[in-house]
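User: Please take me through this model by question and answer, beginning with the terms and then moving to particular residues.

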Amino acid sequence: MARVLNQTTYNSLLDSLCKLPFRNRVQSLQKLFPELSVDTLKCIVAQECQKRMKGSHGRLTTSETVEAMYKKFTNSILMNEEPGILLRLSDEVGLTPALLARSIIERHYQRDDKSKPAKLLVSTLMKNTALIDDRDLAFETYLCLLEDDEYGPIAEATKQSRGYEYEIYLRMELENCKVSFLHEDHLRMKGYDKTPDIKLEIPVAVDGQVINWIESKALFGDEEVHRGYLKDQLYSYWNRFGPGLVIYWFGYVEDLEKIHQNRIILIRDALPRNMVLMDQHL
């Protein structure tokens with residue numbers, strides 16, 4: 001299955017994505033782009049959703065909008081509509097299910113002065129819906145969390161678990177290749193603040209380029225994602241340790257390396273099999 005996309009294919013995929021309903025989009029994209037893996041499609045869909053929510057969340061959660069959604073929800077309960085009320089409302093307004101449920105909970109627990117409840121209370125209720133004092137709202141929130149692959153405690157736990165899983169996988173792969181390295185826990189013990197996932201104790205060569213460190217990213221790398229990581233992490237690794245490698249396990253858009261031609265940071269979708277250990281030529 002292809003994981004490295006040219007810019008034309010990626011743009012076509014994003015165009016198709018914008019025309020699909022907000023939920024269950026991966027299945028539709030599979031038919032349109034059968035050459036791409038399901039994991040790659042899931043990653044692209046999730047990242048597009050997060051970008052969309054960053055741009056529209058404020059507009060979709062004004063006090064007036066939330067009040068209207070809350071009234072619609074309570075009226076639907078009074079009319080004995082079948083479960084999935086908040087899911088259908090999510091499709092209608094364009095908020096992800098978990099973000100919509102959070103807004104409804106905040107309105108339900110609104111203080112007397114109409115201010116929002118404490119964030120800790122809302123977060124606790126999102127993590128354990130059984131604590132919500134309204135049976136219908138508790139069940140509707142539970143359904144939203146199960147359906148939302150991008151937001152909410154279940155989605156967040158899945159992302160963290162997946163990121164850690166690929167970090168451990170990378171360590172195992174390096175050990176199998178007899179590559180000596182320190183991982184980020186070792187580096188933090190040595191006093192480093194910003195640390196790559198892997199610092200090679202003895203550099204390796206990949207396609208003729210010396211590599212000193214490796215960063216693992218369990219996501220899809222497009223230009224916006226990559227530029228963000230360059231600014232927040234990768235450039236600081238380059239400044240401290242020299243040339244390195246970032247692995248986008250679920251693929252990336254071609255030619256991202258052109259963004260930083262003057263600073264060598266290789267991009268791959270797996271640990272390269274053509275690594276040359278430096279001591280092999282000593």
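Analyst: A charge sits over a ring if NZ of Lys or CZ of Arg is within 6 Å of the ring centre and within 35 degrees of the ring normal. This is a predicted model, in which local features need pLDDT of at least 70 and side-chain atom pairs count only at pLDDT 80 or more, whereas totals for chains, interfaces and linings use all residues. Residues are numbered from 1 along each chain as its sequence is written, and side-chain values use heavy atoms, with hydrogens and water left out.

User: Over the ring of which residue does the charged end of Arg263 sit, 5.8 Å from its centre?
Analyst: Arg263 lies over the face of Tyr235, at 3.7 Å from the ring centre. At 5.8 Å from the ring centre, the charged end of Arg263 sits over Trp238.

User: How many helices and strands are there in the chain?
Analyst: Helices (H or I, at least four residues) and strands (E, at least two) are DSSP runs, numbered from the N terminus. Counted in that way, the chain has 11 helices and eight strands.

User: How far apart do the C-alpha centres of domain 1 and domain 2 lie?
Analyst: Domain bounds come from an automatic or database domain assignment, which gives domain 1 as 62-147 and domain 2 as 160-271. The C-alpha trace of the whole chain spans about 80 × 45 × 30 Å along its principal axes. Between the C-alpha centres of the two domains the distance is 40 Å.

User: Which residue in β7 does Val246 stand opposite?
Analyst: Two strands pair if DSSP finds at least two bridges between them, and four bridges join strand β5 (residues 244-248) to β7, the two running parallel. From strand β7 (residues 265-268), Ile265 and Ile267 point one way and Leu266 and Arg268 the other way, and all are buried (under 20% relative accessible area, with exposed over 50% and partly exposed in between, for a 1.4 Å probe and protein chains only). The residue that Val246 stands opposite is Ile267.

User: Why is the pair of Tyr166 and Phe250 edge-to-face, with what angle between the planes?
Analyst: Rings of Phe, Tyr and Trp (its six-membered ring) pair if their centres lie within 6.5 Å, and planes under 30 degrees apart count as stacked, over 60 as edge-to-face and the rest as tilted. A search of the whole structure finds six aromatic pairs. The rings of Tyr166 and Phe250 have their centres 5.4 Å apart, and the pair is edge-to-face because the planes stand at 70°.

User: What is the relative accessible area of Trp213, which forms an aromatic pair with Tyr237?
Analyst: Trp213 and Tyr237 are edge-to-face, 5.4 Å centre to centre with 75° between the planes. Trp213 lies in strand β4 (residues 209-217) and Tyr237 in helix α11 (residues 223-241), so the pair ties together parts that are 24 residues apart in sequence. Tyr237 counts as buried at 3% relative accessibility, and Trp213 is buried too, with a relative accessible area of 0%.

User: Is Asn80 buried or exposed, and at what relative accessibility?
Analyst: Asn80 is in the loop between α4 (63-78) and α5 (85-93). Although it is not a glycine, Asn80 has a positive phi of about 55°. Asn80 counts as exposed, at a relative accessibility of 68%.
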